[in-house]
Amino acid sequence: MPIRGRRLGPLLLLGLFASGGRAAHAQQEPPRGAEQRVRQEREQLEQVRRERQLLEQRLRELQGTMHDLGEEARNLDAQADATARAVSALDRQLFALRESIDETTAALLGAEDELVAKRATLQRRLQDIYKRGPLHTAEALLSAASFGQLVSRYKYLHLVAQRDRALVARVAELRARVGRQREQLVLLEGDMERSRRDRAEEEQRLRALERDRNTSLATAERQARQVAQRIERYRRDESTLASAIEKFESDRKRAELRVNAPAPVASSLRTADVGRLDWPVDGTIIYQFGRVITPENTTTRWNGIGIQAPVGTAVKAVASGEVMIAEPIGTYGLTVVVQHGGGDYSVYGSLQRTAVKKGDKVTKGTVLGSVGSADPEMPPHLHFEIRPRGRAMDPLQWLRNRK
């Protein structure tokens, strides 16, 4: 019959629609694993940046105070390590973004190919419908030979109409998916570009940190050498001063042994003076007697104390005696040494000028000179020593307690 011949085309189309629908539903959205890795890497990157922020804050605190240069170098090393980890995190982030872009691009191409195929199918269906005309459905139904055939044809036409609607919906869905995937691709490419910029900035930061670290290490090494040289000069000059005092003592003792020598002069520094002597100059202590560790992490020994005071402040003798030295002594600077008798001495160093000369007799409170600055690494101060029997001891034990 003519109707059976006409049914063959729609049945083939029906099979095509059904297979097309199955293919459409088999198409999956792009996997989310890469995007999840990107999020994780971003979280790790933020954590590394917070850690580095704390390190930078600590470095600013260190640079504002006297500190161990080794600690600054360790801080710079930690910052460099944090920056290197940030670069690694960005590398992993870029790799994950590339994977996500590749996956999204593949899904987009698949969706676009399916959209092209569905559009072609829909176009053929519209052409078939247009060729048959608007009364084709009624003609197919009215030409049925029996009621059962009429019902069968109605079901068939109903199913064809459902498939047509599904095809139209699938085309709309594919259009929306393509739009979403294109937007996602644009976002991913934007993230990719930002990550590349971030990586370039981190690399620049890392290079800058390496330069800072090298500069800091070079500075630390130079300062360590300078400190070592300064300490060596201190030791040499202290030895010079000690030798001079030993010579004074040797001369004094020989003089006492001479025939008709006058009676030995008792020391003006008495045991009762411990904790009672007036300060040679008013000021704050900038270094203590004994062994100390410098900010450069080196060890030195002070045979006296440093009393900070403005340049030009008068320096007074703590007890009566005779001036044995009034001249520069290396790192001590301009120095006055007073012998108090009985082998006791007091030393006044880092002076700007002297008001006495060798051989002068002085009394307690006599102005010996004024405060200067012999060491450019330190503020103006008086270097003060007390040497009973020629041996240095802590001057603070002899000076009056200040309230």
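Residues are classed by relative accessible area as buried under 20%, exposed over 50% and partly exposed in between, with a 1.4 Å probe and protein chains only. The structure is a predicted model, in which local features need pLDDT of at least 70 and side-chain atom pairs count only at pLDDT 80 or more, while totals for chains, interfaces and linings use all residues. Residues are numbered from 1 along each chain as its sequence is written, and side-chain values use heavy atoms, with hydrogens and water left out.

Arg387 has a relative accessible area of 2% and is therefore buried; this residue lies in strand 11, residues 381–387 (strands are DSSP runs of E, at least two residues, and are numbered from the N terminus). Contacts, defined as heavy atoms within 4.5 Å, link Arg387 to residues including Glu238, Asn303, Tyr332 and Asp344, with residues up to four places away in sequence not counted.

Two aromatic pairs are present in the structure, where rings of Phe, Tyr and Trp (its six-membered ring) pair if their centres lie within 6.5 Å, and planes under 30 degrees apart count as stacked, over 60 as edge-to-face and the rest as tilted. The rings of Tyr287 and Trp302 are stacked, because their centres are 3.9 Å apart and their planes stand at 20 degrees. Tyr287 belongs to strand 1 (residues 284–287) and Trp302 to strand 3 (residues 299–302), so that the pair links distant parts of the chain, 15 residues apart. Tyr287 is buried at 7% relative accessible area, and Trp302 is buried at 10%. The pair of Tyr348 and Phe384 is tilted, with 5.4 Å from centre to centre and 40 degrees between the planes.

Notes:
Helices (H or I, at least four residues) and strands (E, at least two) are DSSP runs, numbered from the N terminus.
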